[in-house]
Amino acid sequence: MIRDFGRTSDGQPVESITIRAGKLTATFLDRGSILQDLRLGGAGHSLTLGSDRIADYEGAMRYHGALVGPVANRIAGAAAVIAGRPCRFEANEGGACLHSGPSGIHARRWRREAAGEDTLTLVLDLADGEGGFPGNRRITALWRVAPPATLLLRLVVTTDADTLVNVANHSYWNLDGMPGWSGHRLRIAADHITETDAALIPTGRLLPVAGTGYDLRQGRRLVPGEPPLDTNFCLSMAPQPLRDVLWLTGRSGVEMVIATNAPGMQVYDGRAAQRPGGSGYDGLALEPQFWPDAPHHPGFPSILLKAGETRVQETRWRFGT
């Protein structure tokens, strides 16, 4: 089902597209390839945080549900050397570039290439030099819903020049439909996190989670601020075959299992991601990704995509009660 969702402040039309299969119904926007609403049969609320107003996505909810990139997370100094070429990006968090700056893919209208009962394909072309990143690039997002209650995303990125690529879905999750996520149980298959400084820029060190509040390997109930979370959990040192890496369970009994082939998972507690009428800690952002600031840390999994190569990233969300 395709509907008119409204117009942006500059008059650009936005469509919503709904797909369904089994017990799952997902609605997307062609702006930012946003997952705007996700319904599981038997649960009377959306499992992800969205809005019915396009103005909210131009403001405080700019990253809610969107694909962020072409490089998600932070690049220190809003600069990097790519294949020997110094490049500067848009600084939008102090001196750093977060989610590729204001012209990132979250704020772009994607082209609807195909839409069926249970599938949606959105495509975005990025010109050489946009946001400071080299290469004429194409990002294809193939969304699919499969029974009984599975959402799948296959991202395919190509380029005609060496560039940096780290695209991530930035959905906020609250499985209970309550004002906050406190009491959700979270488990992550990660032995280390990337240490960051006060500006949330990685230092290059990997910290063991053992004996810390970041040890979620066995799963535990979450309390806001214990510990604060805007943290990359290291799943592997390189991309892997699709595998389950994260388990989230609400107090209501709704469960979500995330599988990815990416080497990292950013977990953000949403303390400052306030929706209109919200108060922070509304939802947990769970972002399968490569590690942040990778161009400045040779020991991190590389986000370099060479001319003529293709990057494929897959994420799978399975739901149940």
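**View 1. The second largest pocket holds about 210 Å³ of space.** Welcome to a predicted model, in which local features need pLDDT of at least 70, side-chain atom pairs count only at pLDDT 80 or more, and totals for chains, interfaces and linings use all residues. Residues are numbered from 1 along each chain as its sequence is written, and side-chain values use heavy atoms, with hydrogens and water left out. Lining this second pocket are 15 residues, and Ser-46, Thr-48, Leu-49, Gly-50 and Arg-275 come closest to its centre. A pocket here is an open set of points on a 1 Å grid over the protein atoms alone, where a 1.4 Å probe fits, with protein on both sides within 12 Å along at least five of seven lines; lining residues have an atom within 4 Å of a point. Points are joined across faces, edges and corners, and the volume is the space filled by probe spheres set on them. The lining has three nonpolar, eight polar and four charged residues (Ala, Val, Leu, Ile, Met, Phe, Trp, Tyr, Cys and Pro are nonpolar; Asp, Glu, Lys and Arg charged; the others, Gly among them, polar).

View 2

**View 3. Six strands form an open antiparallel sheet in the order E16-E25-E24-E21-E18-E19.** Strands are DSSP runs of E, at least two residues, numbered from the N terminus, and two pair if DSSP finds at least two bridges between them. E16 (172–173) and E19 (202–208) each have a single partner strand, so one side of each lacks a neighbour in the sheet.

**View 4. Strands E18 (residues 192–196) and E21 (residues 230–234) pair antiparallel over two bridges.** Look for His-192, which stands opposite Cys-234 in E21.

Methods
Helix = DSSP H or I, 4+ residues; strand = E, 2+ residues; numbered from the N terminus.
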